[in-house]
Each structure stands twice: as C-alpha cells, then as structure tokens.
Amino acid sequence: MPCPRLPEGFDATDPDLLQSRVPLPEFARLRQTAPVWWCAQPRGITGFDDEGYWVVTRHADVKYVSTHFELYSSSENTAVIRFNEHISRDQIEVQRLIMLNMDPPEHTRVRQIVQRGFTPRAVRGLESALRDRARRIVEEARASATGSADGSFDFVTRIAVELPLQAIAELIGVPQEDRARIFDWSNKMVAYDDPEYAITEEIGAEAAMELIGYSMNLAAARKECPAKDIVTQLVAAEGEGNLSSDEFGFFVLLLAVAGNETTRNAISHGMHAFLTHPEQWELYKRERPATAAEEIVRWATPVVSFQRTATQDTELGGQKIREGDRVGLFYSSANNDPEVFENPGTFDITRDPNPHLGFGGGGPHFCLGKSLAIQEIDLIFNAVADTLPDLRLAGDPRRLRAAWLNGIKELRVGVGG
C-alpha cells in the first residue's frame, strides 16, 4: 500500500491543527492510500505511555471497531484520544467511572439504568417545554441584536449554548438558574487545550469534581425525598436497579459534555453551514425537511474522534494491530467517506439515507441521547427560521483549540442589512 503524502509531523489530534480546521483533505488521502495508518507521537505527549496510535479513517472500519468491544476496549485507556503531557495515569484511571469509558458488562448495567431517561416517551415529554424555550431563546437573541450598535450578536452564547443546557436541566431536574454553572463547569472540563480560557489541568479537574459533587447532592436529595422525575428513576427506583450517588454524578458529568458541548457545536456549525449555503437556508425556511438535523450532525461531526485500545493481537484494514495499541476512530473522516456518501463535501439537508457516525459507530456506545439531540436541533432551527429568517454572518467563526472536539467558541451573526 502506498504511503500517503501528508504534511511532515501530521497528527489529526494536534490541537493547533483543529483550532484552524478539520483535516478533511488529509483524511481523504488516508482513506485512499492508508485507511489504517500509524501516527507516531513522542512518548507521553498525549498522556499515554506509548509512541502513537492507529488512525482509522474509513466508515466501514470505524463501524467495525465500534461494534467489536471484545477486541477494542473503551476502558483500557478511556475513549478520549488525547489528554496532555501533564496528566497522571491515576487521573486517567478515574475517568473509567464515566459510562463512555466502560466496557460490558459494567457498561451494560449502567446503560440499562440510564436509558430510562431517554425513552421515546421521555423525550417526547420534553418537546413542548423545549419548543417554548427555543422560541424564547431566539426572541431574546433578537432583542439583544436590536439593542446593539451594529445589530449583531454571538450566536454561540446567545442561542447555541442555551437549549442544550436547558434540556439537561429539564431532563434531570436541575433548577434553570443553575444552568450557567453547568455551562461553566463543562467548558472548563474540555477547554484545557485552549490558552484563551487559561484553564489548567487543575482547574479542569476541580470543575469536574464540583459538577460531580453538585449531582451527587441532587441524587442524595431524591433518595431522601423521591419525586416524579428522572433523577428519582435513576437513583431511587425500588427493585429496578439504580445508580449510586457517585455513578449518578459521573453520568451528569458525561451529559454535560456529550449532551451539551456536542449539541451546542452541532447547532453552531449548522447555522454557519446554512449562512454559507444560502440556498439550503432558503430551502429549510420554505420546507423544514425532517432530514435536516441529521445532515447538520454529519456536516458538523462535533466529536472528531474517540479511541479504543486493542485487547489482543488482531488485524484491521490490512494492518496488524498489537494488543495494547490505541486505535483512533475518526468520525469526521468516516462522515465524508465517498464509498458511503454521494458528494460528501456538499451540505444537503435533504440527504436520505444518511448513515453518518456523528452519534458513534453503533455498538454499545451508540449515543443514548440521539433522539433528544435531534429534537433540540430541529426545535432551535425552526425557531431561528421563524424569528430570525434574515440572519446573516457578521464575522468568521472562532474555533476552539481542542484535540478531539470540532468546536466553535464564537460566531458573530447580524440581523437586517
């Protein structure tokens, strides 16, 4: 197999690279020439005591690894593909308590309990409240633009952030007035690579512990005094199995990232895509196709990559994988695989079918909150189309410096001419 022609030192988890762009051209070369490619790294630079990882770029291979947990572990080195050189092994080990970083059978036990909160009935039960919240969020953003000197506002903080936070608060009974605290904690947990936020590993760890402590207190209160809410179902359901207070705390931590950061970034990228593809925005305003949210997630792919660790010697894409090797699943590449998607570089909100891997590649870790995320995206863009139909770009997006998130931290938009 020929070697891919890549820039010297290319590493798709380099935060400096992802701050500027997702490396889609390099992924295309890898899919064609080396779909499972060894990326060498200096030992310890990512927090792992090894010399690199395998880059998996084809849709079929990402799905294969995702669905064969007996060969590829989420627990061994966690699903996070890159920390930083200062993190300790003990700090990595603690993250195994998060459901994302568990393997069956422990993962199966926790997921079976947690999924009570994400039944179709539970998600439908949120729709009316979230529709009202989406409308108010957009109306308040419009009012802020009217009051500004140039008629512009930051779409991320005014619109994209708010509905995912309010959905989490609605889902687990967190008082709405506490949503800003969850936003602050979740930002600190994932922004350790972005110098603008001046977040150290210690600050990030402290934010995680504060969120876990807050959630554990919420769980303890429901055990003491059950209510008709999802927290009670998860921690105080008699005879049905339940989460311990600390398990619930780590579940909320996962929600704060998986249910907040990712949906927020999908919404932000979706708005940017609409405003840079005006014919799609006109189509959306006119027809509101049910397929739009899935295409927004494919296009955005908020999680660029997660990882697994080989539990035994095996083979993937013609490459021999050794026991203990880390294997990076690059969803951004898989979601642009021309073997699966016709014209993948085209933003097409009528795309159907759309077997993207923006919610994972299937298997035990397929995103539990997919239905809720799709609902949130649908509701917020319907609200924007109704209330701010003539929105325009007022600046280029400012991207987050991160190793595995496709994040936008600011997107200036304007109202009117």
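Predicted model: local features only at pLDDT ≥ 70, side-chain atom pairs only at ≥ 80, totals over all residues.
Local features were taken only at pLDDT of at least 70 and side-chain atom pairs only at pLDDT 80 or more, whereas totals for chains, interfaces and linings use all residues. Residues are numbered from 1 along each chain as its sequence is written, and side-chain values use heavy atoms, with hydrogens and water left out.

A search of the whole structure gave 16 aromatic pairs. Rings of Phe, Tyr and Trp (its six-membered ring) were paired if their centres lie within 6.5 Å; planes under 30 degrees apart count as stacked, over 60 as edge-to-face and the rest as tilted. One of the pairs is Trp281 with Tyr284, which is stacked, at 5.9 Å centre to centre and 5° between the planes. Both residues belong to helix H13 (residues 278-287). They are three residues apart, about one turn of the helix. Helices (H or I, at least four residues) and strands (E, at least two) are DSSP runs, numbered from the N terminus. Trp281 is buried, at a relative accessible area of 3%. Tyr284 is buried too, at 2%. Here buried means under 20% relative accessible area, exposed over 50%, and partly exposed in between (1.4 Å probe, protein chains only).

Trp299 and Phe347 form a tilted pair, with 5.4 Å centre to centre and 55° between the planes. Trp299 lies in helix H14 (residues 292-300), and Phe347 in the loop between helix H15 (331-334) and helix H16 (370-387), so the pair ties together parts that are 48 residues apart in sequence. Trp299 is partly exposed, with 30% relative accessibility. Phe347 is buried, with a relative accessible area of 1%. One aromatic cluster is formed by Phe274, Trp281, Tyr284, Trp299, Phe347 and Phe381.

A charge also sits over a ring. Arg298 lies over the face of Phe341, 5.5 Å from the ring centre. The criterion is NZ of Lys or CZ of Arg within 6 Å of the ring centre and within 35 degrees of the ring normal.

The largest nonpolar core has 129 residues. Such a core is a set of buried Ala, Val, Leu, Ile, Met, Phe, Trp, Tyr and Cys residues joined through side-chain atoms within 4.5 Å. Phe155, Ile159, Phe248, Met271 and Phe381 have the most contacts inside it. Helix H12 (residues 245-276) gives the most to this core, with 15 residues. Met271 touches Phe155, Trp281, Phe381, Val384, Leu391 and Leu411, residues up to four places away in sequence not being counted. Contact means heavy atoms within 4.5 Å. In soluble globular proteins, nonpolar side chains tend to be buried together.

Three strands form an open sheet in the order E4-E12-E9, with antiparallel pairing. Strand E4 (152-154) and strand E9 (392-393) stand at the edges with a single partner strand each, so one side of each lacks a neighbour in the sheet. E4 pairs with strand E12 (residues 412-414) in the antiparallel sense over three bridges. Two strands pair if DSSP finds at least two bridges between them. Asp154 stands opposite Arg412 in E12.

Strand E2 (residues 52-56) has five of its five residues buried, so E2 is largely enclosed by the rest of the structure. E2 pairs with strand E1 (residues 36-40) in the antiparallel sense over five bridges. Trp38 stands opposite Trp54 in E2. E2 also pairs with strand E8 (residues 326-330), in the parallel sense over three bridges. Gly328 in E8 is the bridge partner of Val55.

Most residues other than glycine have a negative phi, and most peptide bonds are trans. The peptide bond from Pro104 to Pro105 is cis, with omega near 5°. Pro105 is in the loop between helix H4 (89-94) and helix H5 (106-114). The bond from Asp352 to Pro353 is likewise cis, with omega near 5°. Pro353 lies in the loop between H15 and H16.

Thr78 has a positive phi, near 70°. Thr78 lies in the loop between strand E3 (72-73) and H4, and is buried, with a relative accessible area of 1%. Asn343 has a positive phi of about 50° although it is not a glycine. The loop between H15 and H16 holds Asn343. Asn343 is exposed, with a relative accessible area of 51%.
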